[in-house]
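Reader: I would like to go through some of the terms used for this model, one at a time. Please set each against its definition.

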Amino acid sequence: MNRKEFTRISALATSAMMMPDFVLKAATVKSFISQRPAVGKRNFTSDSVEALITEVKKNIKDGELGWMFENCFPNTLDTTVFFEMKDGKPDTYVITGDIDAMWLRDSSAQVNPYLPLCKNDKHLSQMVEGVIRRQTKCILLDPYANAFYKDSTKISPWKTDATEMKPGVHERKWELDSLCYCIRLAYQYWKITGNTAQMDDAWHQCMELVVATMKDQQRKTDQGKYHFQRKTITLSDTLAGDGYGRPVKANGMICSAFRNSDDATTYLYNIPENLFAVTALRQLVEMIKATSHRDELIVICRDLADEVEKATLSNGIVEQKEFGKIYAYECDGLGNYKLMEDAGIPGLITIPYLGYGKTDDEIYTHSRKFALSVANPYFYRGKTVEGIGSQHLAYKGEMIWPMGIISRAITSNDNAEITYCINILKNTHAGTGFMHEGFKPNSPKNFTRHWFAWANSFFGEMVWKVYREKPELLQR
């Protein structure tokens, strides 16, 4: 049973027992009635988040869009956050929604929209500090795993994977972006709040392990410590090469066995993930300088960032006939590369969103045009909508991902493009008031994942950004 089948079966089996009220109500919504759980059933409540929802919604002229923001922005807090104090320290477990497991990447992205409010909201700040502390424990358990359980006695459906599965690990797919997301969350939280309590000895030990893992996966002298195989008929759920992936020629880049979508990479050097790593390592240098005297680790991080950047720019940029020089999506150092874009993050479009470069950089603008064209094998058009999908849902045919549309809007400075994306999202939520994983271009009611908190939070983040920077677009 592959992950896609597991997700489908899990969602059906738990729909009546564990899904929050908004999932059960959504299918019958006929007016803009809040789809949030009742106040007493919300997992976590923040006064500053509630005040922001009221403020932004009041200033959105379109009632449906305001309703969608009200539903989506707090969805992570309402339904997926499990916060408590343990031994006097915050601890926060964050599930993705319809899967009871905590992805390092997803949990970081899910709470990211709330960071600006943490400076003046102690309760919210504690919750995010708890996420960082929980992620630290997860990475120390296994830096190669992508998803974890709160209850270490819970048995993973992937327990038979041919890799080193440990108690507490839900899935062990090595994805470089998972570690980068944890650094990004810690860095942004620190910059906003000034809080360093979470950067304790355990966190510094964790960061040393993170850097060691990245260096291991440069695979300069051998295949590295990680291998993974799964009994499956879905090739993207397992690795070739006896579990090490296809061959690479070491060049300084970092191998990533799986993409942000949890699908196996075609070629192990994923360009967006490596550029994300460059940014994350430089952020890590800042944090270590401010909180410890680990001068040797600072030098290692700085040198590694420079090496990865040089190697990625040397190997990850190709000449494309129609668009000129663009970033490839993946390469192997042997002359092979893959030209595509995936709606997941990181991707070509979200490189500057995650902190590398600027939106007006020439290679980025060329890459963006490629990603938003039919030259990208995962760019789909319907009668009235268009957007990027993913190999992850390719078995269902053409499926556009709302996350891809949101990424396009959140990285755009063009008013018409932003408005266009917002209108697509407004017209494809299938009456639910929430984002989904993917939907059929000509039949939005045919979608996957009723309860996908990352997509909901990301939508809220985008609307709030528009409200701050281009409020006039919400008055139309």
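Author: Begin with an open sheet of 3 strands, in the order β6-β9-β10, with antiparallel pairing. The model is predicted: local features need pLDDT of at least 70 and side-chain atom pairs count only at pLDDT 80 or more, while totals for chains, interfaces and linings use all residues. Residues are numbered from 1 along each chain as its sequence is written, and side-chain values use heavy atoms, with hydrogens and water left out.

Reader: What makes β6 and β10 edge strands?

Author: Each of the two, β6 (269-270) and β10 (337-338), pairs on one side only. Strands here are DSSP runs of E with at least two residues, and helices are runs of H or I with at least four, numbered from the N terminus.

Reader: How do you know that β6 and β9 pair?

Author: Two strands pair if DSSP finds at least two bridges between them. Between β6 and β9 (residues 330-331) there are 2 bridges, and the strands run antiparallel. Tyr269 stands opposite Cys331 in β9.

Reader: Why is one side of β3 and of β5 left without a neighbour in the sheet?

Author: These strands belong to an open sheet in the order β3-β4-β5, with antiparallel pairing. β3 (102-103) and β5 (169-171) stand at its edges with a single partner strand each, so one side of each has no neighbour in the sheet. β3 pairs with β4 (residues 147-148) over 2 bridges, and Met102 stands opposite Phe148.

Reader: What joins β7 to β8?

Author: A hairpin does, through 3 residues. The strands β7 and β8 (residues 324-327) run antiparallel and are joined by 4 bridges; the bridge partner of Gln320 is Gly324.

Reader: How does the span of α3 compare with the expected one?

Author: The expected span is 1.5 Å times one less than the number of residues. Helix α3 (residues 47-58) has 12 residues and reaches 17 Å from its first C-alpha to its last, close to the 16 Å expected.

Reader: Which residues of α3 are buried, and why are they said to line one face?

Author: Buried means under 20% relative accessible area, exposed over 50%, and partly exposed in between (1.4 Å probe, protein chains only). Ser48, Val49, Leu52, Ile53 and Val56 are the buried residues of α3. Seen down the axis, they fall within an arc of 140°, so they line one face of the helix. The arc is that of the directions from the helix axis to the C-beta atoms. On the other side of α3, Asp47, Thr54 and Lys58 are exposed.
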